[in-house]
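This briefing goes through one protein structure by topic. Please keep the sequence and the 3D view at hand while reading.

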Amino acid sequence: MSLYYLSGCITAGDKATPEEITHNIEVFNLEEARLINEGHAVFNPCKQGVGDRYEKYLVTDLLYILENKPMMLMLPNWETSLGSRIEHEMAKRLWLTIEYK
């Protein structure tokens with residue numbers, strides 16, 4: 001069993017439409033279900049809830065990566081997300097395994 005962290009575009013820096021956000025969250029949830037079905041543990045940042053500031057979510061996510069050193073799964077279009085680019089850079093600097101979807 002491996003521990004995975006899902007990283008990808010959710011809101012596109014508040015540029016995504018509600019439909020695009022819904023689609024992006026579905027991508028996260030489908031990947032989470034697939035990995036759990038394969039017997040892995042998964043951190044899905046979409047499950048953190050809503051209502052807090054972006055910076056709080058980013059700090060929470062980066063601390064999780066630093067403390068748990070999961071395998072990173074970069075979802076399609078992750079490059080369009082500033083948060084995902086930061087997570088990716090951190091993962092590289094920590095020598096974590098990074099997979100690309």
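In what order do the four strands of the open sheet lie, and is the pairing parallel or antiparallel? The order is β2-β1-β3-β4, and the strands pair in parallel. The model is a predicted one.

**Sheet**

- The edge positions are taken by β2 (41–43) and β4 (98–100); each has a single partner strand, so one side of each lacks a neighbour in the sheet.
- On average, and with direction ignored, neighbouring strands in this sheet are turned by 25 degrees against each other.
- Strand β1 covers residues 3–7 and is joined to β2 by three bridges, the two strands running parallel.
- Within β2, phenylalanine 43 is the bridge partner of tyrosine 5.

**Helices on the sheet**

- Helix α1, residues 18–37, lies across β1, β2 and β3 (71–74), and runs at about 165 degrees to β1.
- Helix α2, residues 54–68, also packs on the sheet and touches β1, β2 and β3.
- The direction of α2 makes about 155 degrees with that of β1.

- Tyrosine 100 belongs to strand β4, and its relative accessible area of 49% makes it partly exposed.
- Which residues does tyrosine 100 contact, leaving aside its neighbours within four places in sequence? They are Met74, Trp78 and His88.
- Tyrosine 100 and leucine 6 are 94 residues apart along the chain, and their C-alpha atoms are separated by 10 Å.
- Tyr54, Leu82 and Ile86 make a nonpolar surface patch of about 270 Å².
- Leucine 82, a member of that patch, lies in helix α3 (residues 82–93) and is partly exposed, with a relative accessible area of 47%.

- Six salt bridges are found in a search of the whole structure.
- Side chains of opposite charge can pair when their charged atoms come close.
- Are the two partners buried or exposed? Lysine 47 is exposed, at 54% relative accessible area, whereas glutamate 32 is buried, at 11%.

- Glutamate 89 meets lysine 92 in a salt bridge with an N to O distance of 3.5 Å.
- Lysine 92 and glutamate 89 are three residues apart in helix α3, about one turn of the helix.
- Glutamate 89 also meets arginine 93 in a salt bridge, at 2.8 Å from N to O.
- Glutamate 89 and arginine 93 are four residues apart in helix α3, again about one turn of the helix.
- Glutamate 89 is partly exposed, with a relative accessible area of 30%, and lysine 92 is partly exposed at 42%.
- Arginine 93 is exposed, with a relative accessible area of 65%.

**Salt-bridge network**

- Which residues are linked in a network of salt bridges? The network links Glu31, Arg34, Glu38 and Lys101.

Conventions: Residues are numbered from 1 along each chain as its sequence is written. This is a predicted model: local features need pLDDT of at least 70, side-chain atom pairs count only at pLDDT 80 or more; totals for chains, interfaces and linings use all residues. Side-chain values use heavy atoms; hydrogens and water are left out. Two strands pair if DSSP finds at least two bridges between them. Axes are lines fitted to C-alpha atoms, for helices over the stretch in contact, and angles run from 0 to 180 degrees between N-to-C directions. Contact means heavy atoms within 4.5 Å. Patches are made of residues with over 30% relative accessible area and no salt bridge: like charges are joined within 9 Å, nonpolar side chains (Val, Leu, Ile, Met, Phe, Trp, Tyr) within 5 Å. Accessible areas come from the Shrake-Rupley method with a 1.4 Å probe; for residues, only the protein chains shown count as cover. A salt bridge is a side-chain nitrogen of Lys or Arg within 4 Å of a carboxyl oxygen of Asp or Glu. Buried means under 20% relative accessible area, exposed over 50%, partly exposed in between (1.4 Å probe, protein chains only).
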